[in-house]
Amino acid sequence: MSFLRRRSATPAGPDFDVLAMDPGDWPGNLGAGLLPAPDGSCQGVFLRYDLFGGRGPAMIIGNLPEGSPARETEEGEIPFEVAQLLLALDNDEEVTVVGSEDVPVMQGDNLLIVRRLKLSEGRISCVQFDRSDNVLVTIAAWDRPITDDLYALLKPLPAELFQQG
């Protein structure tokens, strides 16, 4: 039935603000990706910050809402953002989560309970925390530690910034 148009599976954009570093504050290349659900809704947003002059990202920040399949990981399985970081770096090494530690961190006036993941690949730093709107934020960095001052740089970027079309 050629008169029926197939709807694109690409989501129009998220229905939540994205917690990340402002693109205007970042000196390198920046890319953003949306995770589509079969119904066309947005199941997450991830931002890829590249400071290495096109040789790979320095950091990936993901925002995954409650119910996003990308949040569901098995014991020892790496988060989606770490997998994206490895993929972008053309690193096909097997990496697993070998431990975690919960650490309190201040972000402005908010107290975050940040889960620091320890990975089998020591050059990757990874932290996760839940926002008050049940969006899971994951930060994965290559070859640089994630320090507490990074949280001061995070700010809500409006959902409209990530609309397609």
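**View 1. The whole chain and its surface.** The protein chain exposes about 9,500 Å², and carbon and sulfur atoms supply 48% of that area. Please keep in mind throughout that this is a predicted model. Of the 165 residues of the protein chain, 44% count as buried. Contacts in the protein chain between residues at least 6 apart in sequence are also worth a look: 53% of them join residues at least 24 apart.

**View 2. The run of secondary structure.** Two helices and nine strands make up the secondary structure of the protein chain. The helices are H1, residues 80–88, and H2, residues 149–153.

**View 3. An open sheet of seven strands.** Here the strands line up in the order S2-S3-S4-S8-S7-S6-S5, with antiparallel pairing. At the edges stand strand S2 (29–36) and strand S5 (97–107); each has a single partner strand, so one side of each lacks a neighbour in the sheet. From one strand to the next, the twist averages 20°. As a reminder for this view, strands of a sheet pair through backbone hydrogen bonds, either parallel or antiparallel.

**View 4. Strands S3 and S4 side by side.** Strand S3 covers residues 42–50 and strand S4 covers residues 59–64; the two run antiparallel and are joined by five bridges. To find your place along this pairing, look for tyrosine 49, which stands opposite methionine 59 in S4.

**View 5. The S5–S6 hairpin.** Strand S6 (residues 110–119) runs antiparallel to S5, and 10 bridges join the two. Valine 97 is a handy landmark here, standing opposite leucine 119 in S6. Two residues lie between S5 and S6 in this hairpin, and glycine 108 in the turn has a positive phi of about 65°.

**View 6. An aromatic pair between S3 and H1.** The count of aromatic pairs in this model comes to two. One of them brings together phenylalanine 46 and phenylalanine 80 in an edge-to-face arrangement, 5.5 Å centre to centre with 70° between the planes. This pair links distant parts of the chain, with phenylalanine 46 in strand S3 and phenylalanine 80 in helix H1, 34 residues apart. Both phenylalanine 46 and phenylalanine 80 are buried.

**View 7. Two buried cysteines.** Cysteine 42 has a relative accessible area of 8%, which means that this residue is buried. Cysteine 126, at 3% relative accessibility, therefore counts as buried too. A disulfide is a covalent bond between the sulfur atoms of two cysteines. How many disulfides does the structure hold? The structure holds zero.

Technical notes. Residues numbered from 1 in each chain as written. Predicted model: local features only at pLDDT ≥ 70, side-chain atom pairs only at ≥ 80, totals over all residues. Heavy atoms only, no water. Pairing = 2+ DSSP bridges. Helix = DSSP H or I, 4+ residues; strand = E, 2+ residues; numbered from the N terminus. Axes fitted to C-alpha atoms, helices over the stretch in contact; angles between N-to-C directions. Phe/Tyr/Trp six-rings, centres within 6.5 Å; stacked < 30°, edge-to-face > 60°. Buried < 20%, exposed > 50% of the residue type's maximum accessible area, 1.4 Å probe, protein only. Contact = heavy atoms within 4.5 Å. Areas by Shrake-Rupley, 256 points an atom, 1.4 Å probe, with all protein chains shown as cover. Disulfide = S-S within 2.5 Å.
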